[in-house]
Amino acid sequence: MNLTVKKIAVISMLTAIAIALSIVESFIPSIGIPGIKLGFANILILLAMVEIGPIEALIVSIIRIIIMAIFRGSFLGMGFLMSITGGLLSYTGMYIFYKLFKKFSIIGISVIGSILHVIGQILIAMIYLGTTAVIYYLPFIGLSALGTGVLVGFVVKATQKTNVIKHILK
Amino acid sequence: MFIYKMKKRFLPTLLLISFLSSCSVTNKLEKIFYFFDSYENISLSNASQENMNDLEEILSLYDKLSDNYNSSSRFENLYSINLKKSQKIEINKELYEMFKNSEDLQEISKGFYNPLVGKLSKLYKESLAHNELPNQSIVSEYLSEIKLSSIVLEETNNQYFVTKNGDAEIDFGAIAKGYVLDKCYEYLRENELEKYYIINCGSSSIALGEKSENQKDFKVGLSFKNKAYIELNNCFVGVSGVQEQGVTIEGVTYSHIINPFTGSAINNYDAVLVAGNNGALCDVLSTSFMMMDLESIKEIEKEQNVKALIFDNDEFVYINNDLEVLYH
Amino acid sequence: MKNKTLRNDIILIGSLFLIFISIMIGFLLTSSSKNLIANIYVSNNLVETIDLSKKENKDYKINGTHGEVIVRTKDGAIAIIESTCPHHDCINVGYVKETNKPIICAYNEVYIIVLSSYQPEDDIKI
């Protein structure tokens, strides 16, 4: 990866926006399982992946998760574990379907990322709390993740069209 | 593309299946048998198929021993003994002990249980099946036979003998189910299975342990009173006189419970339930009490440490203080 | 190429939608509201079992890992009414009166599961 100053600047900008979105999102109450969020920050991660590169997208994701955990005050707690698992699972899924199996459009990839994110979160919730009862909320959270994923996809697509990032990086 | 769809479905489906399968974990074993002309339902906890087979053998053994309609090729049973008058017959230990128990129970029930009612029982059964009353002179004849008959037991050098004197016939119908419950319970105790179990012998004799860790009592429904039930654990229960067995002729209900003193098939009550610590005892008393007055019943309750419940004309005539009838 | 991915997208979204809806229906169909008991767990340990069918209106003080959580039963339903957790997601769930739906306070590691102890009327009939 070509680590230019421009790239660092763009990555930092995207990360900052991701964090800001996450903070705003945290005020929306979760359904049933505390810590499960809609996942709008995915806009920036996916954007980074398609406009810059996969590694850069991963950096954005991880830094966002760590900073949010520190911000929440429960670093290494259940919230952090949920975030990191969801985040990594989501990233892996998006990467696979973006680079390897190119069967979906940006919207589809976004949905995959969104769903995998909540699945990872719910899995950790089940393990951490030691009960499978948590799965009751899967359909509700899943449907909202579905909607969020579609929305995120459209936003990323629209942003792609403006070629803003490519412009900055030139 | 199908593979991608499967990948997406796999995880949620897996989660759903694991959730659903974790919902019920029991190691209950349940089986139904047919002996004593009725169904036995056995429910055990933490038991093996072998245990069930062993219990089946016990049921089968005592069914054959107490059978007074068919002979057995393996040993002497009531049928073969009834055929041989005034002969000393060698019997096996199990049958001998059953005779001994029968003797004790006859005394405890103040004679209202009498194993020699065989002929009377059969007579009534056949007549009532045709909605008829048996010929009174024959009834009298059989009654005097009972008075003139006897059962003599003998034990020498680990050999067991029984002699039936007189023309009356032996019938263990009033104790057989309760007795086999005692034998089953012995087996369960020997195999440490007596905590959570229930054995239902033809819905007239039951043995029960505890229902589960969270719930000790079983809800025992009373078929003669709608929605009524009592809560019991760790005991034996005998019930007699449930409606189905009765035949009504010209407004009078006759049952299969024959009074060995009067030869009558008319009982004092519609139904009697007896709960206690011994199966044969509860079985016998539930039948005997049907022919006794309340005072005698209460007397025997105290003597034998059993609890009775008497039902007649759609109301509970008597409920032991330690029993409580609840309603759904 | 664009149409192919669009078609795949629609299939993906459609199937996910159907899966979630069916799971939801599944939970709704298998939930019961008879003879309920509520189990309250703190850090995976069962600390309290409440028989909801008794319909007692009572408050229970549960000691979670980060503070106290107050659980209230009312008319056969159960809810967390007070908690030291920052977001109060658990309180927002409100009263639960059926099985399948847990109330979770992750901050205090407290969760409540409602189970049905529904049994057939009689265990045996004689």
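This tour goes through chain A as a whole and then one asparagine in chain B.

The model is predicted, so local features need pLDDT of at least 70, side-chain atom pairs count only at pLDDT 80 or more, and totals for chains, interfaces and linings use all residues. Residues are numbered from 1 along each chain as its sequence is written, chains are lettered from A and ligands numbered from 1 in the order written, and side-chain values use heavy atoms, without hydrogens or water.

**Stop 1: chain A**

Select chain A and colour by secondary structure. Expect 7 helices and 0 strands; helices are DSSP runs of H or I, at least four residues, and strands are E runs of at least two, numbered from the N terminus. The order along the sequence is α-α-α-α-α-α-α.

Switch to a surface. It comes to about 6,900 Å², with 75% belonging to carbon and sulfur atoms (Shrake-Rupley method, 1.4 Å probe). Of the 170 residues, 54% are buried (under 20% relative accessible area, 1.4 Å probe, protein chains only).

Now the contacts (heavy atoms within 4.5 Å). Among those with a separation of 6 or more, 74% join residues 24 or more positions apart.

**Stop 2: B:Asn259**

Select B:Asn259. It sits in the loop between β12 (252-254) and β13 (271-276) of chain B. B:Asn259 counts as buried because its relative accessibility is 11%.

Show its side chain. A polar atom there lies 2.8 Å from the backbone nitrogen of B:Phe261. For the backbone nitrogen of B:Thr262, the distance to a polar atom of the B:Asn259 side chain is 3.2 Å.

Definitions and conventions. Buried < 20%, exposed > 50% of the residue type's maximum accessible area, 1.4 Å probe, protein only. Polar contact = N/O pair within 3.5 Å; in protein donor to acceptor, adjacent residues only side chain to side chain.
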